[in-house]
Amino acid sequence: MFHTLQTQPADKILALMKMYKEDPREQKIDLGVGVYKDAEGNTPVMRAIKAAEQKLWTTQDSKSYVGLVGDPAFSDAMISLLLADALPRNAIAAAATPGGTGAVRQAFELIKMARPEARVFVSDPTWPNHLSILQYLDMEAVPYRYFDKTTGAVDHAGMIEDIAQAKAGDVVLLHGCCHNPTGANLNTVQWQDVIDTLLKTGAVPMIDIAYQGFGDGLEEDAQPTRRIVSAVPNCIIAASCSKNFGIYRERTGILILTHQEKTSIGLAQDTLAFLNRQNFSFPPDHGARLVTMILNDDALRQDWQDELEMVRRSMLELRTQLARTLRDVSGSDRFAFLAEHRGMFSRLGATPKQVELMREKYGVYMVGDSRINIAGLNAKTIPALAQAIVACEV
Ligand code: LMR
C-alpha cells in the first residue's frame with residue numbers, strides 16, 4: 001500500500017537544521033531553528049529543571065497513567081502563570097498536550113468540530129507550521145497583513161483592516177508575544193484595537209504563546225493574553241513550555257479554553273479529553289510534572305525566573321549589539337528596528353537570493369524569509385554576520 005504515498009513538502013525550518021549539520025565549514029553560524037543557545041553555543045538544562053528532576057527521581061513511585069488531560073495541578077499552575085486572576089477558574093477548561101504544537105493541532109481540530117465552516121485568520125507571515133497544519137486538516141487560512149517591510153514594525157492599520165473582515169465564529173490567530181517569525185510586536189494601544197475589532201466582529205481569538213518570558217518579562221508578556229480573555233466571550237490559548245523552561249524534547253504544552261457565558265465549561269473540558277484520547281490518549285507527563293514542581297515551589301520558581309530573566313537579557317543585549325554593529329558596518333540606521341523587536345527572532349528583510357548567498361558564501365544559516373534566531377549569535381559571530389549582511393547588500 002505504501003507505493004501510493006506522495007512526497008510531502010519538507011518543513012523549511014527542519015530542513016535548514018539538517019543542511020547546517022552537514023556543512024563542514026568551521027566558521028558556520030546557525031541562526032535557524034528557535035532553540036536558545038548560550039554564548040558557547042550550548043542549550044543547557046535549566047538549573048530548576050535539574051533540581052526538580054533530581055527530586056522527582058527520588059520521590060516518584062509510579063509511572064502509571066495520570067489522566068486524559070494530564071495532571072490537574074499542571075493545568076492550575078499553567079493557568080495561573082498565563083492568566084493570573086484574569087478569569088475565575090470555573091470559566092476555564094484545559095488539557096496538557098505534547099508541546100505547544102500539540103496544543104495548536106488540538107485547537108484547530110476543536111475549531112473544526114465546533115464550527116466546520118470557520119476560517120482561521122493568520123498573520124502574514126506566521127510560523128510556517130500553522131499553515132501546514134491548517135492545510136493538513138483541510139481548513140481555510142485567511143492571511144492578514146502584519147509586517148511592514150519598510151519600517152520593520154507591525155503594519156497595524158493593515159492588520160486591523162484585514163481582521164475586521166472576519167465574521168462571527170471565524171478565528172483570529174494571534175501570537176501572544178514575541179511574534180514568530182518577525183519579532184515585531186503590538187504595543188498596548190494596538191492590542192486594544194485588536195480587542196475592539198474582535199468584539200465588533202464576534203471572531204474568536206486563538207492565542208499561540210510559545211515565548212512567555214523571552215520578550216519584556218514573564219508578567220509583561222502575558223498581559224495581552226490576560227486582557228483578551230477578560231474582554232471576549234471565548235478564547236483559545238495554545239501555550240508551550242519548550243522555550244521558557246528549556247524542555248524542548250519533553251513535549252510540554254497546554255491547550256486552554258476560556259468561556260464567559262452562563263453555560264458550563266464542562267462540555268469544552270470533556271471535548272478536550274475526547275480529542276486527546278483520539279489523537280494520542282494520555283499526554284506526556286514528565287515535562288509537565290517538572291513545570292508543576294517548579295511553579296509550586298517558591299525556591300525553585302525563583303531560581304527558574306532568575307535564569308529565564310538572564311536568558312531574556314542576554315538576547316536583548318545581543319539584539320542591541322547587532323543593531324549597533326550593523327549601524328557601524330553599513331553606515332546607516334536601516335537596521336535600527338532590530339533593537340525594537342522582542343523575543344528570539346527578527347526578520348532581517350533580505351530576499352531569498354540574499355539569504356542563499358549568505359549561506360553559500362558566508363556559512364550563515366537563517367530561514368528563507370530571513371528570520372534570524374538572535375540566541376544563535378555571540379560576541380564573535382555578530383561582526384561576521386554584520387559583514388555578511390552588508391556584503392550581500394541587504
Ligand atoms: C521555530 O519556529 O523555530 C520553533 O518553534 C521550532 C519549530 O518547531 O519550528
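## Ligand site

The ligand is surrounded by I13, V33, G34, W127, N180, Y211, K243 and R371. The model is predicted. By class, the shell residues divide into four nonpolar, two polar and two charged.

Which residues place a polar side-chain atom by a ligand oxygen? The table lists W127, K243 and R371.

| Residue | Side-chain atom | Ligand atom | Distance |
|---|---|---|---|
| W127 | polar atom | oxygen | 3.1 Å |
| K243 | polar atom | oxygen | 3.1 Å |
| R371 | N or O atom | oxygen | 2.8 Å |

On its own, the ligand has 260 Å² of accessible area, and the protein covers 79% of it.

Where does the ligand sit relative to the domains? Domain 1 spans 11-44 + 309-391, and domain 2 spans 65-296. Both give residues to the shell, so the ligand lies between them.

## Overall fold

The protein holds 14 helices and 13 strands. Its radius of gyration is 21 Å, close to the 21 Å that the globule rule gives for 394 residues, so the protein is as compact as a globular protein of that length. Along the principal axes, the C-alpha atoms fill a box of roughly 60 × 55 × 55 Å. Of the 394 residues, 54% are buried.

## Cis peptide bonds

The bond from D124 to P125 is cis, with omega near 10°. P125 is in the loop between β3 (119-124) and α5 (128-136).

N180 and P181 are also joined by a cis peptide bond, and omega there is about 25°. P181 belongs to the loop between β7 (171-175) and α7 (188-201). N180 is one of the residues around the ligand.

## Positive phi outside glycine

D138 has phi near 60°, a positive value in a residue other than glycine. D138 sits in the loop between α5 and β4 (140-145). Is D138 buried or exposed? Its relative accessible area is 68%; the cut-off for exposed is over 50%, so D138 is exposed.

S281 is not a glycine either, yet its phi is positive, about 70°. The loop between α9 (266-279) and α10 (286-295) contains S281. At 14% relative accessibility, S281 falls under the 20% limit and therefore counts as buried.

Strand β10 (residues 253-259) includes H259. H259 has 13% relative accessibility and counts as buried. Its side chain makes a polar contact of 3.3 Å with the side chain of N234.

The loop between β9 (234-240) and β10 carries R251. N244 lies in the loop between β9 and β10 as well. How accessible is each? N244 has 3% relative accessibility and counts as buried. R251 has a relative accessible area of 31% and is partly exposed.

What does the side chain of N244 reach? It reaches the backbone oxygen of Q212, at 3.1 Å.

## Sequence separation and distance in space

L82 and L218 are 136 residues apart in sequence, and their C-alpha atoms are 8.9 Å apart. L82 is in helix α3 (residues 72-83). With a relative accessible area of 1%, L82 is buried.

R251 and D221 are 30 residues apart along the chain. Their C-alpha atoms are separated by 22 Å.

## Recap

The ligand lies between domain 1 and domain 2. R371 has a side-chain N or O atom 2.8 Å from a ligand oxygen. For W127, the polar side-chain atom is 3.1 Å from a ligand oxygen. The corresponding value for K243 is 3.1 Å. The protein covers 79% of the accessible area that the ligand has on its own.

How values were computed: Residues are numbered from 1 along each chain as its sequence is written. This is a predicted model: local features need pLDDT of at least 70, side-chain atom pairs count only at pLDDT 80 or more; totals for chains, interfaces and linings use all residues. Side-chain values use heavy atoms; hydrogens and water are left out. A residue is near a molecule or strand if one of its heavy atoms lies within 4 Å of it. A polar contact is a pair of N or O atoms within 3.5 Å; within protein, one must be able to donate a hydrogen and the other to accept it, and residues adjacent in sequence count only if both atoms are side-chain atoms. Accessible areas come from the Shrake-Rupley method with a 1.4 Å probe; for residues, only the protein chains shown count as cover. Ala, Val, Leu, Ile, Met, Phe, Trp, Tyr, Cys and Pro count as nonpolar, Asp, Glu, Lys and Arg as charged, and the others, Gly among them, as polar. Domain bounds come from an automatic or database domain assignment. Helices (H or I, at least four residues) and strands (E, at least two) are DSSP runs, numbered from the N terminus. The radius of gyration is taken over C-alpha atoms; the globule rule is 2.2 Å times the number of residues to the power 0.38. Buried means under 20% relative accessible area, exposed over 50%, partly exposed in between (1.4 Å probe, protein chains only).
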